[in-house]
Amino acid sequence: MTIRALPPAVADAIAAGEVVERPASVVKELVENSLDAGATRVGVEIRGAGKTLIRIVDDGAGIPSAELRLAFQRHATSKLQNLSDLEAIGTLGFRGEALASIAAVSDLEATTSGRRLHLRAGALLEEGAAGPAPGLVIEVRDLFANTPARLRFLKSDATETAACLAAVQRYALLYPTVRFRVIVEGRTSLSTDGHDPLASVYGEAVSREMLAVDHLNVTGTVSPPKLSRGTRDAMLLAVNRRPIASRTLAFALEECYRGALERGRYPVAVLNVEISPEAVDVNVHPTKREVKFRDEGAVFAALQRAVRSAIGAGEPARPPEPAAPGPSSERLLRQLEIQEPPPAIDPQLPRPASAGGFLRPVGQVLDGYLVAESPEGMVLIDQHAAHERVLFNRFQSRLEGAPAVSQHLLMAMTVELEPALAAGVADHEAELRSLGFEVEPFGPRAVRILAGPVETPPESLEPAFREVLAGLRARSADDALASLACHSAVRFGDALDLAEQRRLLQEVESLSPDITCPHGRPVRLLLDWQQLKRHFRRNY
Ligand code: ADP
Ligand code: MG
């Protein structure tokens with residue numbers, strides 16, 4: 001093929017891919033621009049998971065009308081002038097790429113005091129006068145309509161919407177004096193207008209327990225060990241109030257909780273490290289999320305000292321509210337929290353995770369749904385679907401090498417099989433063993449099961465074994481795992497006591513909120529506190 005320089009529209013769409021991966025990238029870049037412009041209010045509206053509309057309204061400095069068009073040219077920026085400025089970046093943006101990139105893959109309208117601009121796929125459609133208004137309004141429609149490949153790679157609407165919201169939440173947590181408001185499909189999902197952002201994002205109950213961190217150049221807040229999560233999603237690390245992804249600093253933080261949190265549990269944290277802009281290079285990654293420190297060891301040590309002194313001091317981030325009877329949900333939360341964990345057999349053992357956790361059992365309805373309370377609201381969980389998913393994931397990790405945990409039967413169980421299936425047992429011995437099955441041949445049309453996965457009740461062992469074997473024979477590990485999970489999970493209709501409910505809820509916490517059971521059925525339903533209060537017309 002002949003080598004040709006790409007037409008600008010194609011080159012721009014390619015370059016845009018680096019900056020604008022998904023709707024949340026647009027939200028992130030535009031919010032950064034608003035903050036760089038000194039906004040004190042930032043409003044974000046999202047429709048159709050950001051594919052239909054992303055609108056950002058701010059009250060910042062705005063763009064001089066004569067420069068509005070220029071702002072959409074690649075490498076046009078007001079934040080940087082010469083190469084040496086790159087050495088010490090004091091703003092969130094600096095490459096002059098975001099507006100051009102977003103405009104290249106969407107239908108975009110920008111309005112600033114006196115001027116309005118309409119671009120589609122990077123091409124100018126319209127430019128005209130506009131009335132006086134504070135700040136800047138950007139409306140992004142039909143995102144990725146001209147890059148179908150990008151569109152296909154997006155995750156579910158729920159996931160993309162959650163990522164958009166999370167992008168704003170990070171800045172809301174790092175810029176507590178800026179008032180943020182996010183409206184998703186017409187409903188307010190976040191408002192820090194007059195509220196503590198920590199409470200707006202994680203709920204009152206959590207924010208009340210958080211510990212203040214304020215030690216030299218590290219400030220923020222971290223959870224006490226009794227509050228923890230099943231993922232790292234609530235660990236927000238920032239440098240000069242720029243959220244960053246840093247395994248090293250995440251590790252530094254997690255280490256502070258070593259021995260206090262079980263494996264797989266993580267703290268909630270908002271931590272900002274202030275360092276001189278020359279001591280950090282933010283120009284190493286297209287989305288500016290990765291940074292390079294001149295002295296990473298020093299930052300690591302500073303972060304640990306700050307967090308350790310906060311956890312050690314155990315001071316709540318702000319004085320606890322008067323003990324007036326709050327909403328009963330919060331009372332219940334506290335009651336559950338002051339319950340002492342059972343005495344540990346070995347003082348070296350970490351405290352049981354039940355001391356923390358974000359899903360608190362309230363009860364069970366229809367002997368099939370668990371009712372739980374989380375900082376976000378009231379949660380209903382389909383006990384069978386949830387348990388199935390938990391077990392599916394666990395069995396999957398065993399197939400991938402995690403040690404099997406099997407239980408020997410008092411009496412070996414003889415299972416008759418069609419000859420073809422019986423012959424297949426030997427082929428799948430390794431997989432069966434990694435799932436916890438120990439079997440031995442018993443003539444040409446039968447096997448004896450000596451042991452099975454510890455999770456599978458004995459009465460289900462035979463059907464589970466048959467289906468697992470059939471799945472493996474059909475080369476579908478997923479089918480095999482789904483059958484095993486289904487036969488091992490608690491059933492709809494099983495009454496669970498509070499301890500069993502708590503155990504299951506702890507496992508469910510580690511699942512992502514929108515996960516389904518292995519057959520695709522939903523696992524949980526959230527009735528958030530807002531909805532609840534609105535329904536009962538309570539404004540507190
Ligand atoms: P960068 O942020 O890297 O400078 P962008 O493409 O994001 O690049 O923005 C280009 C320029 O447009 C900025 O340098 C700034 O001057 C202007 N701009 C963008 N968004 C805003 C805003 N919300 N308020 C005021 N000016 C803005
Ligand atoms: Mg920018």
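Predicted model: local features only at pLDDT ≥ 70, side-chain atom pairs only at ≥ 80, totals over all residues.
Residues are numbered from 1 along each chain as its sequence is written, and side-chain values use heavy atoms, with hydrogens and water left out.

Let's start with the whole thing. The C-alpha atoms fill a box of roughly 85 × 70 × 50 Å along the principal axes. Inside it sit 18 helices and 22 strands, taken as DSSP runs (H or I, at least four residues, for helices; E, at least two, for strands) and numbered from the N terminus. Of the 540 residues, 45% count as buried, meaning under 20% relative accessible area with a 1.4 Å probe, protein chains only, while exposed means over 50% and partly exposed lies in between.

Now for the inside. A nonpolar core here is a set of buried Ala, Val, Leu, Ile, Met, Phe, Trp, Tyr and Cys residues joined through side-chain atoms within 4.5 Å. The largest one has 60 residues, and V31, F72 and F180 have the most contacts inside it. Helix α6 (residues 157–174) gives this core its largest share, nine residues. Take V31: beyond its neighbours within four places in sequence, it is in contact (heavy atoms within 4.5 Å) with V42, V44, I56, V168, Y171 and F180. A second, separate core has 35 residues, including A250, L271, V299 and A310.

How values were computed
Chains lettered and ligands numbered in written order.
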